[in-house]
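Please consult the sequence and the model shown below while reading.

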Amino acid sequence: MGQYYKPILGDKYGLNCKVFDRSVDGQYTFAKLMEHSWWENPFVNALCEFLYNEPNRVIWGGDYGDDPEDFCFYNCSAFYVPCYRAIWGDKVKPIGVSSSDFSLDDKFLINYDAKEYVDLNEYKVASVDKHGWTIHPLPLLTAVGNDRGGGDFHEGNTGYENVGIWAWHLISFADKPPKNFSKFPLVFKEDAS
């Protein structure tokens, strides 16, 4: 079976959370992780605009990521951490996004908790596959529940060990990385492509 994903953003304290339903201007976006986690996906790029110069905590939560251990993050002792029900519960009312012309080109993906950044131009060059496609790094870095369903980013693919390592970290996109942050060498590539 395929696992469906929804992202959640929270402020620097993990509060004021927003859950997104993957729709853009009311149009459905495919729900499996590797159906929408691509460089120019309209939903993912529109969601990234929320993070442009606005750090938020991010989880890309899968509906199979329902083990309480999935939400035990090493960096989260000082603030609220959502659980499975905060993303997939019956009372959650996810929101959509409006279309955006936001682009990852010439941007940096910044993790303020780890004091790291990804140069997205370098990432794109290293991660483009033989068909010209590039995996969007944000959903994979923040995924919870990966490798439990069809359509996930499976073990054996390049970068698999980095899936979920930035979940619920304070993240933004910016035009320049902060001083004294380290470059994080990241590549995600489906090796069977």
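**Salt bridges and their surroundings**

E122 has a relative accessibility of 42% and counts as partly exposed, where partly exposed lies between buried (under 20% relative accessible area) and exposed (over 50%), computed with a 1.4 Å probe on protein chains only. The model is predicted, so local features need pLDDT of at least 70 and side-chain atom pairs count only at pLDDT 80 or more, while totals for chains, interfaces and linings use all residues. Residues are numbered from 1 along each chain as its sequence is written, and side-chain values use heavy atoms, with hydrogens and water left out. The structure holds 4 salt bridges, each a side-chain nitrogen of Lys or Arg within 4 Å of a carboxyl oxygen of Asp or Glu.

**K183 and E122**

- The side chain of E122 forms a salt bridge with that of K183 (3.1 Å, N to O).
- Because K183 belongs to strand β9 (residues 182-183) and E122 to helix α4 (residues 120-127), the pair ties together parts that are 61 residues apart in sequence; helices (H or I, at least four residues) and strands (E, at least two) are DSSP runs, numbered from the N terminus.
- K183 is partly exposed, at 43% relative accessibility.

**D113 and R57**

- A salt bridge joins the side chains of D113 and R57 (2.6 Å, N to O).
- D113 is in the loop between β5 (108-111) and β6 (116-119) and R57 is in strand β3 (residues 56-62), so the pair ties together parts that are 56 residues apart in sequence.
- R57 is buried at 4% relative accessibility, whereas D113 is partly exposed at 32%.
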